[in-house]
Each structure stands twice: as C-alpha cells, then as structure tokens.
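Open the model in a viewer and follow the stops below in order. Each stop gives a selection and then what is found there.

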Amino acid sequence: MTPSHAHIARSEILREEMERADIDALLVYGNAWHADSLRYATDFGIQEGQALALVGKDGVTTLLLDDRAEADRARAEGNCEVVFAPKLIEAARDLLSRAGNRRVAATPWRLMPYGLTRDARDLRISDGAALLEHLLMGKREFELAAARRAAALADEGYKVFRDAARPGRKDYELIAEIEAFFRAHRVPENFMIIGVGGVEVRGMAPPVGKVIKEGDLVTTELTPCVDGYYAQVCRTLVSGTPSDTQLKSFAVFQEALEAGLAAVKSGVPASAIAKAENDVFRAYGLGDYVTSEYTRVRGHGIGLFPDQRPQILEDVHLPIVGDSTIIVHPNTYHPDAGYMVLGDTIIARANGHECLGGLSRELFSVPVRG
Amino acid sequence: MRRGYYGWDESELPLAALAARRARLQTAMAGARLDGLAFYTNIARPAAVSWLTGFTPYWSEGLLFVGRVGEPEFATALSKRVAEWMRAVTPVGALLTTPKPAEYFAKRLANASGPRRLGVLELDMLPGGQAAEILAVAPDVELVDATDLFRAARLQRDDAELGLFAHGAVIAREALAHIDSSASRDAFALVGAIEKSARDARAEDVQVTLAPDLARDASFMRVDRAEAVGESFAIRASIAYKSTWVRRARSVSTDAALASRFAALEGALDTLIARHDPTRPIGAQLANALHAVPGASLKGWTLEDCRGSYPLEIVAGEEIGDATAGACSILTVHALINGVNWIASRPI
C-alpha cells in the first residue's frame, strides 16, 4: 500500500520537531489501549500485542511487533521497516544499542516497558512526552477532516442505536447492532459504553444483559474512529414517552452543555469550561452531582486517543489549544431521573468553537411498538 | 476497548476453580520465597488477571496483588462510578479504584515487616510508570520476574477454562457460518454480520479482520485498510467469551473450482483437529494431513495458547519449532493451492 497523505505529513512534522528539540530519534510505545503515539509516528493501528517503534530524524522507522499477524499486517501497510519480535524488549534493546551514541526521546514514558526504563541512562532514552503531546492535541486540517468524517459516522451510528433501542432488547444486542453498522462502514474501532434503567443507574459501563423496558433511560457514548481519529457523541433516549421529570432533568444537561460550549475558545483554561457547565448544576441545587462521586470528567480532548488531554475539570488549568478537538459533555447522575449524558465533539477556535456533529440535542424518545 | 457482554456466572466459572488456581500460585510463591505477586492488566494484556479473578478491564489499567494467603486485591485506575459494575462482574477479591494502583500496593509493601520480594509476571513488560511508583514508595522492595512460576500454574487447564473455551469456539463457528448463509459476497457486510452474530451470542469482545485478496497475499487487514477485495478472500474472527479467547478463520472463493479445493483443505484440517495425536508434535501431523490434498503445499503454521498476560500468544510454529497441541490452543495454517493462498484457524 502507498503511505497515506496523513502519514507523510505527520512524518514531516515529527522530523521538524526532532530537529527543533535536538533529538536524534524518537522511541514510541503502543498497544490496543494507548495506540495514539504509535499511530502518529507509524500510522499503524495496533490491535493485538505490543509495539515499539524507533523513528530516526533521517526518516527511517523500524517497527517492532510481538504478534506475528500484526507484523504481517504492518508489512502489508508498507509504512516502515517491520520486525516480528516475539522477544520485544530484547529486540528493542538491540535496536537502541545499534543506534549508537544518539539522544532518544521515548514516549509515552509512563507506559514504556520497565525492561527499557530501568537502563534508561545506558540506552540513552529519556522522557519524550513534550515532543509529541502538543502534536496530539492541536490538529492540522488533514486531521480535522478525519475527525469530521468520524463525527458524521457517530451521528449516523446513533440513528442505528435509536432504532435498535426497543423494549425487550438486551443492552448487548444494541452494541451488536452498532458494531455491525460500523464494521460494514469500514470503521475499525469504536469506544462505547451504555446505561439502561432509571434512578438506580449511576453511570455507563459495558453491557451486563439488562433488558430495556418502557420508561427506561438508555444512555450511550459512541466514538468511532476514522483514519485513526476519534469523534464522540453522547446522547440519552427514553424508551417510550419521556416523563415530565425526565424532561425537566434533561433540561439541566442541555443548559449545561450550551454553557460549556459558550466558554470554549482557544487559550481558555479547561477549568473555565468545566466551571461553566458545573455552575448550571449548582444553580439548580445539583452541585453534589458534579463531584468525582458521580462524574469522571466534564469533557476531554479527543483525537488519535479517545480520551486525551486536557481533561475538562475545574482543577485542570491547561489552556485549550487552538484547532484541538474536544468533547464537552456534562454527563452525570441526576437524583430525580438517573444517569444522563449529552455531548458533542467540537473544534476549539480562536473565537469560539465549531461543532462537528449535527445531531439534535433533545432527549430522544423511541416509540414503543404495540 | 471491550464493549460486549460482561457477566460472571458461577456455573461457568465456579469460585472453587478460582480458589484452586490461586492456591496453586500461593504454594509456588512460598517455594520461591516471594512475599507477593503482582499482575498488571489492561485491554492488551488482560489474561493473567482474568484467570485469577474473572475480570477484564474494558478500558484503563490495573494491578492485581496476590499475597501468600487470602484473596487477591485488585486496584484499578477505572473511575469510582464503575465500582458497582466491577463488583457485579468480578466474583473474588477486594476491589479498589485509585489513579495510582502501583503506589497503593507499594505503600502496603513499605509498611510490611520482614523481607519484601515481589514477584511480577513479565517484569520486563511492566510499564515503567508502574515500576517507578512501586520503587519510589518502597525502594527496598526487590522486584523479581515471576513469569515461569506463573506459567507452571497457568498451564494446568481446568474444567472451567475448557468450558469457556468450548463455548467461545461455538460462538466463533456460528459467527463464521454467516459466510455460508449470506447471499451477499460483500466482504465488509459479512464482517459486520459476523461481528453482530458473535456479540448477540454474548461475546465480550470481537475482532474481525479480512485478508482481502488471497491471490495476492494472506495478511489480515482491518476493515479500513482492506482494499480491493478479490474473488478469494479470508475472514478471521478473534472472539473473547468471559475473558477466554478463541480464533477461527476461513478462506472463501467465488471461483467454483477454487472453492472446492478450499473445502478439501478445510476438510483435511477439521479431520486433523478431530483425530490428532496429542502426544506427538502438531506440525508434523499437519504436514501429513495437507499432503493428502492434491496441489496443496504448506506455507506456514502457528500454534497459540494463553499462558501469560496475552489472551493468545504463539507457542509453536514453522519459525520457532514444533510442539504438541495442548487443550485450548489455536492452530493457524497457511497453504498455497493452485498458486492462491489459503489460510484457516481452528480451536483445538
């Protein structure tokens, strides 16, 4: 296969960054959970096992994979020299040794295997997060184009989800529907969790076999991946006609999302967006429900990783990077109705934001068929 | 991430089975003078923790600590709001949510009296950040690689594992049967139908990949990179059922003559799986089995099983040597027939 435009562009950006940072090579680690740095550097979307790639400033990249089928796949994609390395650490140490007297930045440092970090000085590797992290946050136009396509598929996927959410169906059957849709539309990966029920539901998680019944809230976040870039949509539906309590409760989330989105522009601290969302809850006497007891984050960065920096929290003061993609989602528990979610992926701009999704922000109602 | 069905069912994974697995390890620990064993887990390396607890994280990471006596303790960076869900799907041990699982256990070790030797499964693969957290809080703790110790205990397949593996194999077989029942030869629609079938059957995770043109090569691609589907292609389904992984792959051709030869190869492989001698190396038996199919030549093979933190890992093959096929293995065979690739995987 021919290297993609995105890979060629990212490789050039990386070379410039290495030059600027006076680094001779970049060592990146990846697995199916944290695949973003590896994807940026090699364009390989790892699915099984673990990988280490050494990217030279001269443009030569060696990708070590400890799963043979993954190595075959990477070779077929043709972006770099691929080595099947069942003894991954041994192979990486050998590669670094052969690299000679070079300065190597390694990232993500926290996940770099102990078999390498314990001899970091001898191997001449050091934490290289600073080199790559800002590239993962701020997006170029080709990256935003992929995010736009992912957002459009998220919207389409949610229609499939709504159609599937009928009383009597089990939560995992909804996942089956949506995943079949995404695979058939050539989306290789999707992050999603689900909640089904009423006031007893405190959050979303993988399905456990709950059966949808009339009146239930059904929550989900869909996060399809296109060319490595994720976009997320969070929505809540009611099986049947929403009750007044459900509608009134959901109105708080609608107001909070609007407030959060209104606070977004490049340069503002992430905390300002979280505060704008949380102030709405506090105004309705729901301040307890914006704490870590009930909610994890009020949004987060998104890109080659579905949950990247910055986390949108009142104690995170990292500035929002221009042209970064983030999701704003005031998802939390409402004591009157249960756990509700609502969120959209946006691009942060100098004067505000551009929303990538086009889905209505209503509390959806799925008619109960007789 | 994992997004399929999660659930613990004692009839499939009895508490007694989990206790027996833990007891084997604790006996081995005492013999190796280890004060504890630590197991790191994430979605790429979940298998050891799920073997001991039944739990696989759907996201994020965690660390399981097994002491010389008692139940294990699991600390995970998953958020508090999913603690209730975790308890529902994890039948044993104490559960704790903390952003720094390693630091939590290191504090415990630092406070303990006496020698402190901590065994770690696949120590070299432990994320450096986890190791640093342990050593920052408990600098006198000696980290010892416990991979061989764990494997000796892990390779005893119990009835629970055999049962989960067999059920996963049925899910995989029925999912790939869509290749026969579907009127469509749209490979991407087939991938979707296979995934739906497996998830409807309560698979915890499904990964379906496609070798789009067997006339060219037999590399399995994800759906976004599989271009130009040819008249012969292969589909591979890797399926997790209750944390136990099974793979199955089939080659398909719209050319009638080639389809008939593919069927002959499938027949030979199925016969081998049903009748193989478990006391003799599988590679040699495979070569004999394919020899019976005119025009077929063996290009490569692998045998995978689960013995560490990976759900499946290669334990034998034409590159690394022959071995007997134990229970809960996956045999993958790559052959050439009439110049076209044929590839298949089957659980044993």
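Predicted model: local features only at pLDDT ≥ 70, side-chain atom pairs only at ≥ 80, totals over all residues.

Residues are numbered from 1 along each chain as its sequence is written, and chains are lettered from A and ligands numbered from 1 in the order in which they are written.

**Stop 1: chain A**

Select chain A, which has 11 helices and 18 strands (DSSP runs numbered from the N terminus: H or I of at least four residues for helices, E of at least two for strands). Its C-alpha atoms fill a box of roughly 70 × 40 × 35 Å along the principal axes. Of the 370 residues, 57% are buried (20 or more other C-beta atoms within 10 Å of the residue's own; exposed means 12 or fewer, partly exposed in between, with C-beta atoms placed from the backbone).

**Stop 2: the two domains of chain A**

Colour 5–136 as domain 1 and 141–366 as domain 2; the bounds come from an automatic or database domain assignment. Their centres, over C-alpha atoms, are 32 Å apart. The contact between them takes 11 residues from domain 1 and 10 residues from domain 2 (two residues are in contact if their C-beta atoms, placed from the backbone, lie within 7 Å). On the domain 1 side, α1 (5–21), α2 (36–42) and α7 (129–137) of chain A each give two or more residues.

**Stop 3: chain B against chain A**

Show both chains: 50 residues of chain B and 50 residues of chain A form the contact. On the chain B side, α3 (83–89), α5 (128–137), α9 (187–200) and β7 (205–211) each supply at least two residues. The largest share, nine residues, comes from α9(B).

**Stop 4: helix α11 of chain B**

Which residues of α11 (residues 282–291) of chain B are buried? They are B:Ile282, B:Gly283, B:Leu286, B:Ala289 and B:Leu290. Down the axis of α11(B), these fall within an arc of 120 degrees, so they line one face of the helix (the arc is that of the directions from the helix axis to the C-beta atoms). They pack against α10 (256–275), β10 (296–305), β11 (313–317) and β12 (330–337) of chain B. Turn to the other side of α11(B), where B:Ala284, B:Asn288 and B:His291 are exposed.
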